[in-house]
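Please read this report with the sequence and the 3D view side by side. It goes from the whole chain to single residues.

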Amino acid sequence: MLLKTTVILLLMPILQARNGKKTKGPKLKYDARGGVMVVSRAMLESCAYESMPPTAKVLMVLLQLQWRNDKAVAYGVREAANKIGCKPETAGKAFKVLQTRGFIVCETESLFNSKTGSKAREWRLTWMPFEYHEPTHDWEKWHP
């Protein structure tokens, strides 16, 4: 079955070109569970990423789960601490690491107001498109 799926995937562009139409390929099993997240291999192998503490790496995944192309990611320290399972101070350090290495940029500061409610900081993920612009890949400029 795996060989048959592989052959179909490899032949799909040839069949599409021959027919002159674009057709959808076979639905893969991982698509049925709600999609996939793609991370650049260059980023994962970069010194900026490899030398980060594990909490910062987990935070990157949590931020990417919230990512949308048309708006910044609103994510706070307490929410990150709850999801990661660490103290808020540790989550705050993870945000700082991501920020200093160029993986995230703060777009909007947090706001605390007891009457109208609090607002978490909003982040732009530099490895992802933002407001229909290409990623800036600021992390590539970081050196130890």
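Accessible areas here come from the Shrake-Rupley method with a 1.4 Å probe; for residues, only the protein chains shown count as cover. On that basis the accessible surface of the chain is about 10,300 Å². Carbon and sulfur atoms contribute 57% of this surface.

This is a predicted model: local features need pLDDT of at least 70, side-chain atom pairs count only at pLDDT 80 or more, and totals for chains, interfaces and linings use all residues. Residues are numbered from 1 along each chain as its sequence is written, and side-chain values use heavy atoms, with hydrogens and water left out.

## Overall layout

The chain has 144 residues, and 25% of them count as buried. Buried means under 20% relative accessible area, exposed means over 50%, and partly exposed lies in between (1.4 Å probe, protein chains only).

The chain holds six helices and three strands. Helices (H or I, at least four residues) and strands (E, at least two) are DSSP runs, numbered from the N terminus. The elements run α-α-α-α-β-α-α-β-β from the N terminus on.

A contact means heavy atoms within 4.5 Å. Take the contacts with a separation of 6 or more: 50% of them join residues 24 or more positions apart.

## The sheet

The three strands form an open sheet in the order β1-β3-β2, with antiparallel pairing. The edge strands are β1 (73-74) and β2 (104-108), each pairing on one side only. Two strands pair if DSSP finds at least two bridges between them.

β1 pairs with β3 (residues 122-125) over two bridges. V73 has W123 in β3 as its bridge partner. Four bridges join β2 to β3. Here I104 stands opposite L125 in β3.

A74 is in strand β1. Which residues does A74 touch, leaving aside those up to four places away in sequence? They are E79, A120, R121 and E122. The C-alpha atoms of A74 and S110 are separated by 9.2 Å, and the two residues are 36 residues apart along the chain.

## The helices

Start with helix α4 (residues 54-66). The expected span of a helix is 1.5 Å times one less than its number of residues. The 13 residues of α4 should therefore span 18 Å, and the 19 Å between its end C-alpha atoms agrees. A56, L59, M60, L62, L63 and Q64 are buried in α4.

Helix α6 (residues 88-100) lies across β2 and β3. It runs at about 105° to β2. Axes are lines fitted to C-alpha atoms, for helices over the stretch in contact, and angles run from 0 to 180 degrees between N-to-C directions.

How do α5 and α6 pack, and at what angle? Helix α5 (residues 77-84) meets α6 at about 110°, with the axes 8 Å apart. That makes α5 roughly perpendicular to α6. Angles under 35 degrees count as roughly parallel, over 145 as roughly antiparallel, 65 to 115 as roughly perpendicular and the rest as oblique. On the α5 side, V77, A80 and A81 make the contacts. Their counterparts in α6 are P88, A91, G92 and F95.

K96 also belongs to α6.

## After the last strand

T126 lies in the segment after β3. Its contacts, not counting residues up to four places away in sequence, are G102, F103, I104, V105, P135, T136, H137, D138 and W139.

Most residues other than glycine have a negative phi. E131 is not a glycine, yet its phi is positive, about 50°. H137 also has a positive phi, near 50°. E131 is in the segment after β3, and H137 lies in the segment after β3 too.

| Residue | Relative accessibility | Class |
|---|---|---|
| T126 | T126: 0% | T126: buried |
| H137 | H137: 25% | H137: partly exposed |
| E131 | E131: 41% | E131: partly exposed |
| A74 | A74: 42% | A74: partly exposed |
| K96 | K96: 51% | K96: exposed |
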